[in-house]
Amino acid sequence: MAQLTRRRLLGAAAALPLATSALAAYPDQAVRVIVPWNAGGLADVVIRAMAPAMSARLGQAVVIENRPGANGAVGTQAVARAAPDGHTLILANAETHAINPLIYPRLPYDPVADFMPVTLFARGPFVLLTRPGFGTADLDAFLARVRADPGRVSFGSWGIGSTSHLAMEALAKRAGLRMLHVPYTGAAPASTALIAGQIDAMFLNAGPAEAVARDGKVRILGVGAPARIPLLPDTPTLAELGMPVNAGNWFGLLGPARMPAAAAERLAAVAAEGVEDPAVREVFRAQAALPVTTSPDAMRSFIAEDRASWAEVLRDLNIRLE
């Protein structure tokens, strides 16, 4: 046993200079981060805030490329097929790696086998909004209104199977509600419809929601986060109001499978430093994005747990997309 242990130690010592050398050479070109949604959304805003901070620490440009389509599947598939050298990453979220595998029977990528996790770097809590003139001042009044008119109160989302859609379905299931779902092609058209009074309610990222609520265009009823958020310190969580529904999204980085573990570890460390940058913190604060970073292994476990959580929400909805 002693001889075996000594051999392992000698082998590890011999490999260390090679690993250190490889890590020192990475990255040797620009790092491209594919955002599988349109420009201007929360995912796009937070990674563009992170890019300069990461670039300064990596010594190479961090280039953001928007490649939307199929609830994030188009851009995600492109990264799954990219060279596994650490120079192409996906800006992933719950839709790409937890929800899509549950609702697309022929998803063009495997969310586990095709990717090397790197790190989470932000979470984006949602708030529950109602349109102008809807006439419900708080969550209890909203729930009573929906129960009194089952199937007629409408809610918007940025697509079937999106986090905004499933967050409302989770609330409806817990509260025993029937509502009318109106899907849109993005958060911007859905929130525009809410402000115009074309739909009655929706879950929206807290940052944009706070801006329109401040102008009196919509009413915020509660925050779908485990705790109150800095941008809305006086707004209670749904859990405080008796409806413990966690509504929101997460954002993280992954590379193609077989990406060197040393590259993933370095990127995770760089992201952890990046979220502490004052300029990044200010953008996150304005968008109500909560900074959070993890190791690659911890991110792998987090995604698995998130997928299991969404599977529970989807179990009774029978959502399947082509």
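How do the residues of the lining of the largest pocket divide into nonpolar, polar and charged? They divide into 21 nonpolar, 14 polar and 2 charged. Here Ala, Val, Leu, Ile, Met, Phe, Trp, Tyr, Cys and Pro count as nonpolar, Asp, Glu, Lys and Arg as charged, and the others, Gly among them, as polar.

Some ground rules. This is a predicted model, where local features need pLDDT of at least 70, side-chain atom pairs count only at pLDDT 80 or more, and totals for chains, interfaces and linings use all residues. Residues are numbered from 1 along each chain as its sequence is written, and side-chain values use heavy atoms, with hydrogens and water left out.

Back to that pocket. A pocket is an open set of points on a 1 Å grid over the protein atoms alone, where a 1.4 Å probe fits, with protein on both sides within 12 Å along at least five of seven lines; lining residues have an atom within 4 Å of a point. The largest pocket has a volume of about 800 Å³, volume being the space filled by probe spheres set on the points, which are joined across faces, edges and corners. Of its 37 lining residues, W37, G41, W158, G186 and A187 are the closest to the centre. Helix α7 (187-195) gives the most to this lining, 5 residues; helices (H or I, at least four residues) and strands (E, at least two) are DSSP runs, numbered from the N terminus.

Next, the second largest pocket, at about 690 Å³. Among its 25 lining residues, V245, N246, A247, S309 and W310 are the closest to its centre. The largest share of that lining, 7 residues, comes from α11. By class, the lining has 13 nonpolar, 6 polar and 6 charged residues.
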